[in-house]
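Let's talk through some charged pairs. Here's what we'll be looking at.

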Amino acid sequence: MSHSLLFTSGQIGQTTFNNRVMLAPMTRISASEQGVPGERVQRYYADFARGGFGAVITEGIYTDRAWSQTYAFQPGIVTEEQVAAWRTVVSAIKAEGAGVIAQLMHGGALSQSNIYRPDSVAPSAVQPVGEQLAFYHGKGAYRQPAALEESQIYQVIDGFAASAERAVTQAGFDGVEIHAANGYLLDQFLTAHTNQRDDRWGGDIAARLTLTLEVIKAVRRRIGSQALLGVRISQGKVNDFHHKWPEGEAGARQVFALLQAAGVDYIHLTEYQCWLPAFSDSDRSLVQIAREAAPSVIIIANGGLDDGALAEEALRQGADFVAIGKAALANHDWPTRVANDEPLRALPAHLLAPLADIKESELG
């Protein structure tokens, strides 16, 4: 078998996966208007499991009926109907032999559409850079967010924790991934220019990580020690692609050490090309920095790993698993093709569109 590093079984916490290849979380906005994933979503995810992925990490799922929803037609895991629908999706994925992890997210200032609220919130009342994503039905500048009050921050934490419990105990997910990357609310707290608070939720990079650490703590209490708990971290954002942590490698090491101490089972790192140096004054990739700073935690690498050679390079740099994104959209059977040295299909641009815009024949 080619690329044998990718195709050995691996374990995270108490859960064993058939191989080291996961489907990366990708926004698909193909639930109902009320956030309920339907049969199309079920078939979409099950097809990746059938294609050999050891695990599926879902698109970001919103966590409350306040300000967490980010995009129109985004799925939630708040109502009984949403939970029941996810239970069907999870069963279909597991029937094909893959594990499944729910990614939980709060859009914060980057919310483009929310059926529950007309406004948005953030760490501070700072206008987001860039414009809304037209791909996901956005138009023009982001709304000016309101700064979260202390009581509202605790409601955010409870939203993550309650949704995590629903995901594990009711919908049957193997665990949850806290989305603290890509410019969404938890990342807004981590980022200096969007977090101008002078209370316990702001300050240096360790203090700005406080909300993420509190979410991790609350989620762990609700889901117990057996279910998987991971966190996704990035430098770049959907509205600020080239952003780098100004604290550089020293700050990155601090973040990873704190996440390890918080007791996560894994850290999911996403960079544009995750095997390249993370900072201009260092030759270390973010994967290598995390491996050194958090030696006992599982690392999942994501970003530009389009073929087997690049995926194995991420493993050689210290990752334990890889998450495949865009290349998987064109190759729902990416693991099978790579294992058998079969050519990979190129990604047609239309496959990046929301799932609802993709032809039924391309769902698998």
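Buried means under 20% relative accessible area, exposed over 50%, and partly exposed in between (1.4 Å probe, protein chains only). This is a predicted model, where local features need pLDDT of at least 70, side-chain atom pairs count only at pLDDT 80 or more, and totals for chains, interfaces and linings use all residues. Residues are numbered from 1 along each chain as its sequence is written, and side-chain values use heavy atoms, leaving out hydrogens and water.

Q: Is glutamate 39 buried or exposed?
A: Its side chain meets that of arginine 43 in a salt bridge at 3.9 Å, N to O (a side-chain nitrogen of Lys or Arg within 4 Å of a carboxyl oxygen of Asp or Glu). Arginine 43 is partly exposed at 27% relative accessibility. Glutamate 39 has 57% relative accessibility, so it counts as exposed.

Q: Which glutamate meets arginine 50 in a salt bridge?
A: Arginine 50 is partly exposed, because its relative accessible area is 45%. The N to O distance in the pair is 3.3 Å. The partner sits 46 residues away, in the loop between α2 (80-95) and β5 (99-105) (helices are DSSP runs of H or I, at least four residues, and strands of E, at least two, numbered from the N terminus). That makes the partner glutamate 96.

Q: In which helix do lysine 217 and glutamate 214 both lie?
A: These two form a salt bridge, with the closest N and O atoms 3.3 Å apart. Lysine 217 is partly exposed at 44%, whereas glutamate 214 is buried at 19%. They're three residues apart, about one turn of the helix, and that helix is α6.
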